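Reader: I would like to learn how structural terms are applied to a protein. Please show me the structure, and I will ask what stands behind each word.

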Amino acid sequence: MSSRPRLRADLLTRYGTKPIPRYTSYPSANLWPAKDAEGFAHAVYASIQRPVSLYLHVPFCHKLCYYCGCNMLVTRNEQLVERYLDALDKELDLVAAQAPKNLEVVQIHLGGGTPTFLTPAQLERAIGSMKRHFPWKDGIEMSIEVHPPVTTEAQLETLARLGFNRISMGVQDFDPEVQQIINRIQPFEQTKWLVDTARKLGFISVNMDLMYGLPKQSVERFQKTLDQVKEISPDRIALFGYAHMPAIKKAQGVFKLEDIPTSEGRLALMESAIERLLEMGYAYIGLDHFAKDEDELTRARADGTLRRNFMGYTTCKDSDMLAFGPSSIAEIDGTFVQNAHEVREWAKSLEEGRLAVKRGWQPTQDDHLRRKLIMELFCQLEVDTASFAKREAIDFERYFQAELAELEALEKDGLVERQGARVKVTPQGQLLLRNVAAVFDAYLKKPAGPRHHSKAV
């Protein structure tokens, strides 16, 4: 094992069990109020001045994975899928009519649900409609989330022909007992075949999601999963902590509490996985991502262009995001627009000629400042307060006086270091990066109802 420091037991108690946002946005989405589509979203789309990424949410799945926290719908209703595709055409029409013409598209991502729930013909229809409304140049980054048990070679061939060059897949754990409990049977051989086939077809990057904290996981058994991951050798790995919130996600109620690892067990799983991934040659990116040295994600961290949004860590720093499909979130210079969650509600609005926006957030100047600071910590693991103050034309010490005082406790605990104007997250603090960033979150300090955030560890 590497010499990477482990988190002290008292720090796990003090910080690791706190519910903290994941900071894929600031403020977190559960704080956004309802917004009027016609008055709010149209103005936001018209204000775009930068290149854009396009995100499409495909909510459908063939079956329910019990741990899942995503917005998804298990269905065999082909009429509903066709209704979804018809509504997508209408949504693209409405957004394209409001957005500036000739936008430069720099990135495409399909998420879910399970995007490969769609047949090759349906995938071609959805992507064709997106490209007609927002044309893009060949060769841009195009990625899709796939589920190996339902992804065919014909789908991969179609995706490659359409220009997709990156795939991402959830694995979580290859252990058969864990897979049985979480209702996600995904044999290693099937996953390896999918990756090998994708690479033969020209996909240049493979991402794999792993999850710690699931029922029946142990360090020893999870290490066997990492042995198999090493054999596949994905270019990127995301290591997420399972968020047990059965009050929100009812399916999680099937898990026996005694099967779910304790806080100490979760930490042991996370730390041992991180150590192993570092031994395997991956660079530790930000909060929960790992990438090979030659990967664009690693290079982006090195040259300061790494960015974090609702897709996690990404390399397109100076761009906005347009998002389509139920529950999808558009981000335009810190302003957020989110669609209705339920497929039928989303489709009905569009069939009536209205955008399906449900809520959103118009940031204040303070929001902009704190968002930039939090994202700098998440992407660079440090912030030069003098440079930040100069860029934003503020007196950093005065503006963040209370936060800097609060940061002193984290410094004493070894989570950050102050070196002149530089605030740097330590290796131990990287394990609690959400806690470090939360110091600068003004909304966490305000009284509010249930936040429903997952634990920091």
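Author: Start with the largest nonpolar core, which has 137 residues; Leu54, Phe134 and Leu322 touch the most other members. Helix H3 (residues 78-98) gives the most to this core, with nine residues. This is a predicted model, in which local features need pLDDT of at least 70 and side-chain atom pairs count only at pLDDT 80 or more, while totals for chains, interfaces and linings use all residues. Residues are numbered from 1 along each chain as its sequence is written, and side-chain values use heavy atoms, with hydrogens and water left out.

Reader: What makes a set of residues a nonpolar core?

Author: The members are buried Ala, Val, Leu, Ile, Met, Phe, Trp, Tyr and Cys residues, joined through side-chain atoms within 4.5 Å. Another core, of twelve residues, lies apart from the largest one; Cys61, Tyr67, Val178 and Tyr242 are among its members.

Reader: Which residues does Phe134 touch?

Author: Contact means heavy atoms within 4.5 Å. Residues up to four places away in sequence are not counted here. Phe134 then touches Leu54, Leu92, Val95, Ala96, Ala99, Leu103, Val105, Leu322 and Phe324.

Reader: Why is Leu210 called buried?

Author: Buried means under 20% relative accessible area, exposed means over 50%, and partly exposed is in between (1.4 Å probe, protein chains only). Leu210 has a relative accessible area of 0%, so Leu210 is buried. Leu210 is in strand S7. Among its contacts, beyond four places in sequence, are Val171, Phe222, Val229 and Ile237. The C-alpha atoms of Leu210 and Val229 are separated by 9.5 Å, and the two are 19 residues apart along the chain.

Reader: Why do Ser272 and Thr315 count as buried?

Author: Ser272 has 4% relative accessibility, so Ser272 counts as buried. Thr315 has 18%, so Thr315 counts as buried too. Ser272 sits in helix H9 (residues 263-279). Leaving aside neighbours within four places in sequence, Ser272 is in contact with Arg6, Val219 and Gln223. Thr315 lies in the loop between strand S12 (312-314) and strand S13 (320-324). Again not counting residues up to four places away, Thr315 touches Glu141, Arg236, Glu296, Leu297, Ala300 and Thr305.

Reader: How do you know what is a helix or a strand?

Author: Both are DSSP runs, numbered from the N terminus: helices are H or I with at least four residues, and strands are E with at least two.

Reader: Why is strand S7 described as largely enclosed by the rest of the structure?

Author: Strand S7 covers residues 205-212, and eight of the eight are buried, so the strand is largely enclosed. Ser205, Asn207, Asp209 and Met211 point one way, while Val206, Met208, Leu210 and Tyr212 point the other way. In a regular strand, side chains alternate between the two faces of the sheet.

Reader: What makes two strands a pair?

Author: DSSP must find at least two bridges between them. Strand S6 (residues 166-172) and S7 are joined by six bridges and run parallel. In that pairing, Gln172 stands opposite Leu210. S7 also pairs with strand S8 (residues 236-241), in the parallel sense, over six bridges. There, Met211 stands opposite Phe240.

Reader: Why do S17 and S18 count as edges of their sheet?

Author: The open sheet has three strands in the order S17-S19-S18, with antiparallel pairing. Strand S17 (382-384) and strand S18 (416-419) each have a single partner strand, so one side of each has no neighbour in the sheet. S17 pairs with strand S19 (residues 422-425) over three bridges. Val383 stands opposite Val423 in S19.

Reader: Why are H7 and H8 called roughly parallel?

Author: Axes are lines fitted to C-alpha atoms, for helices over the stretch in contact, and angles run from 0 to 180 degrees between N-to-C directions. Angles under 35 degrees count as roughly parallel, over 145 as roughly antiparallel, 65 to 115 as roughly perpendicular and the rest as oblique. The axes of helix H7 (residues 188-200) and helix H8 (residues 219-232) cross at roughly 20 degrees and come within 10 Å. H7 and H8 are therefore roughly parallel. The contact includes Phe188 and Val195 of H7 and Gln228 and Ile232 of H8.
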